[in-house]
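The following exercises concern one protein model. Each task is followed by a solution in steps.

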Amino acid sequence: MPVRRGSPARSTHHTDIYDAGNEKVNAPRNVHGIRLRPTSDLPDIYRALFKFGVFNAVQSSSFDKITLLSLCVCVCSRLTLLLAPTGSGKTVIFELAIIRMLIQSRAYGRDSKCIYVAPTKALCSEKYRDWVTKFQPLGINCTYAYTLQGCELTGDTVRFGKSAWGEARHATIIVTTGEKWDSLSRNWEEYDDILSQIHLFLVDEVHILNEARGSTLEVVVSRMKTRGTSVRFVMVSATVPNIHDVANWIGNDPNGGPATVMEFGEEYRPCKLTRHVYGINRKNDQNDFVFSRNLDFKLYGILKQHSVNKPVLVFCATRKGVMTTAEQLMKEYEQSTEKKDVLPWSRPRRIESTFHDKRLEKLLACGIGIHHAGMSYDDRRATEDLYMNKILRVVVATSTLAVGVNLPAHTVVIKGVKVFQNNMSKEYSDLDIMQMIGRAGRPQFDKEGVAIIMCEAELKQKYEALAQGRSFLESSLHLNLAEHINSEIGLGTIRDVQSAKDWLRNSFLFQRIQQNPRHYAIGKAGKQTWQERVDQLVTESIESLKNNQLVKGEGYEKDNLKSTEYGDTMSKYYIRQTTMSGILKLSDKPTLREMLETLSNAEEFRDIKIRSGEKQIYNKLRTHDDIRYKPKKIEKTCDKVSVIIQAVLAGINLNDPEYKNGDNQPSLEALSIFRHVDRVTRAMMEVALTKKSGAQIKYGMELLRCLNAKAWEDRPVVLRQIEHIGEKSIKVLAQHGITTLADVRKQDPLRIETLLNRKPPFGHEVLAYVKQLPQYTIEITEVEIVPSDGQSPVEVELSIECGLLGDMTDAPQPKKGKMRFREATVVVTVTSDLDYVDFSRIPTKSLKSPKSLTVIAKLSKPSQTVLVQITPENTAGLAFTKTYRPNIPHCQYPTLDTRPLSSVAQEMEGVIINADFWAEMEEGPSDSDEIIATVDLTKEKVTGPNSQRKGQEDKGLPKRNSQRTINGSQVSIPKQLPNGKFVCHEGLPKPPQLTKKRVETLYPIEGESGKKSNVSKPPKGREPREKPAVHAKPDRRMQELENLHESNSVTSSLQLPEGRRIKLDDGKSLAKPPAQKSFKQKPKPNFEIEFCRDLDANDLNWGMTEVADLSDDDFPDTRDILEQRTRKEQAKANVSSDSAYHDSEIEELIRNVPSPLSTGILRSSLQFEHEMSPPSMKRTHQSNFGEETFDVLDRTLHPGGSAPVKRRKVRQLTLEWLLG
């Protein structure tokens, strides 16, 4: 006879009679000789919970230890740990423990609560529905009127503050995940009245301690063991060899009794399970996708061997792999049909279902179906129904089916043990493998089941041990130890370093790290014990928290560790440390885009991955006009998350076929993303309030409202917050100019019904819903203004009165709606530069009577104003802002220093300045200080008799009032003041730069008579230090220049003073030998210009290429030349009227000849033009001589052109004094 899950084994051989009270009951025994207990052993009120009359062997063996119905038993085990195979009825064990808690609670007259913790939300939902059906009727029919309520708390039920517990405050059975219970129990002091009522703690699938999520379960159990009072633990697990380590971990509390462990082997499984592991050879150069394809080719043969025409489930790693595997099975099935081979399953006879995806109909013809989250809901439900009705014999699915829908099968195949996540390939978790194997075997129909694992040959031994229950449980607490230590510090469990060490020594991690240290790879020094190494882990984690500003406290004193406000925020909102670090790195005035990018980079979205083929779809979505902040391209998970969030806020239809295919469902991805965005955004808001960042508060509130409403505030999609208004209705209303909630409020009900083609009273219901939304009013009154004293900002004290327009309670209530908008109201006050002023959170109900707030704003410039915004915390489109500008003159504001920072100040920005530096310098170096000589490697090494410094003169710090001797002149170096500046009227931030011009002015060349020295004489009584003489080498260019001057009579023609020369190089003095450059100079161009004069080869080598290297100071002043020439012309008696020219305008033009057309260049150009012209032109076109050169001159001086007469006069006058 088939046995259903949770029912007793039916095979019995012996029957005993025992006395249960005054009643004699037949007590059958099973093949193991265990007396099976009937349900009549329970009180009458609880017998109806079970649909069978006798408990099975596992349940009967545990009955007495779980229930302990005799109230005379005062001492009992604090922990009962049950190991039993899948399908042995472990759920009934939990129900028996709950019944015992209810009986004791009634006997002792106390309120009790039970917590059930499961690893997945799917399992929580299944247990919640089952237990609500079973236990809620007891409250109605119970004689003692004991009301029993159930409550489900998972990550989907996101609440904070007092509403976080919701119905759980009054619930007796609370079904939750480990992560959700961790977040709720972190505020133990605040909810101590509720948590003290917990007397039973049930843990399902305790073997998840092996997984990354197992650290949360480990911390939760440790917390309940430490903080709870009279808490009993009942845990069930799959078969593992080291379950006694778990018992030692939980049962090491001296206040509780020893742990009770009950182990049941595979012989107690109602349906015998056969396990097979196939190791497939894999080439070294094969990637995961090619190897998965090879497994597809071998799958059909394995199914022919094991399926025996019974239901089969095949688990694949990816959605695309599901379809590929199904199509390969269909291909080989059709080939077998054509060859008339024996088929592993029969072909379905009649098919009546239709699918949206037409590929499924072809598969259905061969009895094959697929199932994954990327399919439409209708297709998934149709596949499940066909499988349960035995029309589909093979279903290929992803691993999510193992924990979601209950579809048991005779044969289960795990095709490949690796999955591609976060851009890397990794193996399934042990929990996933056990969940998938657990689907094999159907106690209702079969006596046996088959589980098959296909993996790489080198992994065969590992999965054989796992499938047989020989895989050891290990801890994962070390993977995120810092996060859990932070939460325990905030909770008060850890108060100092020593208590942190004690806390970790009581963990499951410490139990296992001593026995299997290689698994944790944390290594220890040779003489270091494992206890010392674990203590070091604690210290390192605490230092990491301190570095991230999450924990404060120095040293090892008692009670010195405290959680900072940032640490409390991280613990309160259950934020990962990586996410919190990114939030803390936000700038002081972040933009809305920066905050959205920080949200998208949260570690909470690490399970979101970019599948193959998705980049093209999301890149197309990225270019949509309604995506405000477009990523450059979709490369990382954060880019995908950002685009999906913005698409939802913009109202883009993610179910559009343009944005989805068989393997991609953006709408389903959006659901998983929006489970986390609310708490991460609230954490950003809390950090902003701690930092008092006005920009982060303002934009954080805006982002929070938009994410809750799933709409941008300035888009028509904000109307989706109204009940009965869908996407099509929003488009129709927007086309008629109704785009905001305020616009809807002004409409007539009849017009709304007409536009949307709806019947009455639809318009009234819409308006009733809108009118219950709050309408705010703000009045700003100036109380006092304190003007600036020239440096401090203007202080403005304002009184802000805020209230509601009308009364929400008087508004007509929606027909089916509830007052979901009775939430908190937020008043944010910032300056126009987004500087923080004030933040207040007020219950909306209390604004029925106006509330007054007093704030003080500090304004530093006349353009600043004060912005006051009042808005609901979670509803978009209702924010109301008012601006205040003080009426005071500009002179009462502080004078701002708008000068840009100097280069030195920019370099010194952020440098910590030691205020006692100069005082320490005055005291001189201590005996222990080492004096390091500083050598200027940029200067040439000087040799001479005084080049070697002697003994005591070189020791110590350099003198501040040192002297320098240059060319026989003594120059005093500027004295440095104690404030670090140099002597001037107010002091300079650094010594004045010694440019070449300044050097030549301060330190004149010997024998130069044209300039006066401004160098101050050295103070009397001080011997100037002589500088070693520098023996300059003869300059070949100077000799060439002298020859050129003599051959062309330059000195006499230009009337140069003695010692003057025409400029050779720009920036180099002729009297000073040029410094040799360390780098290779580029070759200078040589235009090979030959002059008509009799010049020797040395003269020609000078050329015009050297002119650019002379300094401007080496040229004679043009004004001096013109004045001398004018006096000479006036002295001539026979000057003709054509050449005697005294036009001041022309003279001014010639004086302002720019440097590129200076004397030497003009003269050379005119000579070249004259000599290169043909003789005929020289005779017949004397008037055109120098025309090209003067065209250049004229265009330079007169870009717009000049009169021809004036040009001829300029040319004649210039030719006379250039060509003599």
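**Exercise 1.** Describe how helix H9 and helix H10 pack, and classify their orientation.

Solution. Step 1: helix H9 (residues 288–306) and helix H10 (residues 319–339) pack with their axes 9 Å apart, at an angle of about 45 degrees. Helices here are DSSP runs of H or I with at least four residues, strands are runs of E with at least two, and both are numbered from the N terminus. Axes are lines fitted to C-alpha atoms, for helices over the stretch in contact, and angles run from 0 to 180 degrees between N-to-C directions.

Step 1: angles under 35 degrees count as roughly parallel, over 145 as roughly antiparallel, 65 to 115 as roughly perpendicular and the rest as oblique. H9 and H10 are therefore oblique to each other.

Step 2: the residues in contact (heavy atoms within 4.5 Å) include Phe297 and Tyr300 of H9 and Leu329 and Tyr333 of H10.

The model is predicted: local features need pLDDT of at least 70, side-chain atom pairs count only at pLDDT 80 or more, and totals for chains, interfaces and linings use all residues. Residues are numbered from 1 along each chain as its sequence is written, and side-chain values use heavy atoms, with hydrogens and water left out.

**Exercise 2.** Is the peptide bond from Pro760 to Pro761 cis or trans?

Solution. Step 1: omega of this bond is near 5 degrees. Step 2: the bond from Pro760 to Pro761 is cis. Step 3: Pro761 belongs to the loop between helix H31 (749–756) and helix H32 (762–771).

**Exercise 3.** Is Ala171 buried or exposed?

Solution. Step 1: Ala171 sits in the loop between strand S5 (150–153) and strand S6 (173–177). Step 2: because its relative accessible area is 2%, Ala171 is buried. Step 3: the C-alpha atoms of Ala171 and Cys114 are separated by 8.8 Å, although these residues are 57 apart along the chain.

Conventions. Buried < 20%, exposed > 50% of the residue type's maximum accessible area, 1.4 Å probe, protein only.
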